[in-house]
Amino acid sequence: MLKMLPCVLPGAWQELGWISKVHVNRPAVVRHAEQIKKWRTVKGNWQAAWLLKAVTCIDLTTLSGDDTPSNVHRLCFKAKHPIREDLLKALDMHDKGITVGAVCVYPARVTDAVNALKAAGCNIPVASVAAGFPSGQTPLETRLAEIKLAVEYGAREIDIVISRSLVLTGQWEGLYEEIRQCREACGEAHMKTILATGELGSLANVYKASMIAMMAGSDFIKTSTGKEVENATFPVGVVMMRAIREFYWQTGNKVGFKPAGGIRTAKEAITWLMLVKEELGVEWLTPELFRLGASSLLEDIERQIFYHVTGSYALQHDLAMA
């Protein structure tokens, strides 16, 4: 599917000619993606186990213009208690400390989230979108300042967004330099780089942007902002994971993967987990290397677990809103 080429390490820009030779066999990638959709899902206790694994990898997100301290506090409570206690007891998982992977908010709401999680006595990290999210169409100086403010407010993870124009015009050195400066601005915080794949024009550009982002120091590469017309898709996921695998083979560095946008059902979550296992291996199935960006996914997962435990579907009042 992909023509693999030698990975160029940061600082070796004189060898960057390889990037113009990258080729992605789109028909083969699309055929593989169609096969993924037909994979049989797991059932019974295995399904419940996969769903609980998915819960621990969710970045529970609210990125609305009407976000307030109160709904951020509610989100943080749900982050600590993602599944009803009695359901976890029925699965003998009540004492395993199951929480979501992180809470993701705008920079202005980071302090609210940090305070709420601290009051709840848990160590769930707060992630903040930054760097001109979602368009990336602000001056670099402004984007860097926004990152530094989010870190100062207490964000331990920063989800930056790239300038799509640099990809579409082939300015790979410029893209590398911008991401590198963002990485520097993040300091000790983990950095997830959003590629906004639905706006990159081709799967080859997705692969190239993935490689550049990892070379510039990204801890994760992420599919989408969730605001594009096309968000996380399986063809894009396959290409990004192949890039991650190639980068690992060439450097020994493991970079995380985060599909985001449009992932709403438990079945989709399990399929993404299975795809990660298939492409990258079991070691990537941890919150340190895999996240699901979602705002409504947790509700469907909890409904499926409710059905598994009780044999009946949950009514609207049976489950707390995420």
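Is Ala145 buried, partly exposed or exposed? With a relative accessibility of 37%, Ala145 counts as partly exposed, where buried means under 20% relative accessible area, exposed means over 50%, and partly exposed is in between (1.4 Å probe, protein chains only). This is a predicted model, in which local features need pLDDT of at least 70 and side-chain atom pairs count only at pLDDT 80 or more, while totals for chains, interfaces and linings use all residues. Residues are numbered from 1 along each chain as its sequence is written, and side-chain values use heavy atoms, with hydrogens and water left out. Helices (H or I, at least four residues) and strands (E, at least two) are DSSP runs, numbered from the N terminus.

- Helix H1 covers residues 26–37, and its 12 residues should span 16 Å at 1.5 Å a residue; the expected span is 1.5 Å times one less than the number of residues. The end C-alpha atoms of H1 are 17 Å apart, which agrees.
- Ala28, Val29, His32, Ala33 and Ile36 are the buried residues named in H1. They cover an arc of only 140 degrees around the axis, which puts them on the same side of H1; the arc is that of the directions from the helix axis to the C-beta atoms.
- An α-helix has 3.6 residues a turn, so residues three or four places apart point the same way.
- The buried residues of H1 pack against helix H9 (203–215), helix H10 (234–251) and helix H11 (266–279), where contact means heavy atoms within 4.5 Å.
- H10 has 18 residues and reaches 25 Å from its first C-alpha to its last, close to the 26 Å expected at 1.5 Å a residue.
- Of the 18 residues of H10, 13 are buried, so this helix is largely enclosed by the rest of the structure.

**Nonpolar cores**

- A nonpolar core is a set of buried Ala, Val, Leu, Ile, Met, Phe, Trp, Tyr and Cys residues joined through side-chain atoms within 4.5 Å.
- The largest core has 105 residues, and those with the most contacts inside it are Val103, Ile147, Ile158, Leu175, Trp272, Leu292 and Ile301. H9 gives the largest share of this core, 10 residues.
- Not counting residues up to four places away in sequence, Ile301 touches Leu51, Ala54, Val55, Ile58, Ala266 and Ala269.
- A second, separate core of 7 residues includes Leu63, Cys104, Val129 and Ile194.

- Lys222 lies in strand S6 (residues 220–222) and is buried, with a relative accessible area of 4%.
- Leaving aside neighbours within four places in sequence, Lys222 is in contact with Asp159, Thr193, Ile194, Leu195, Ala196, Met240, Lys258 and Ala260.

- Ala145 belongs to helix H6, and its C-alpha atom is 9.5 Å from that of Cys182, 37 residues apart along the chain.
- Arg143 is also found in H6 (residues 140–153), and at 5% relative accessibility Arg143 counts as buried.
- Pro134 is in the loop between strand S3 (126–130) and H6, and is partly exposed at 27% relative accessible area.
- A cis peptide bond, with omega about 0 degrees, joins Phe133 and Pro134.

- Asp92 has a positive phi of about 55 degrees although it is not a glycine; Asp92 sits in the loop between helix H4 (85–90) and strand S2 (102–105).
- Ala196, also not a glycine, has a positive phi of about 50 degrees. Ala196 is in the loop between strand S5 (190–194) and H9, and counts as buried at 0% relative accessibility.
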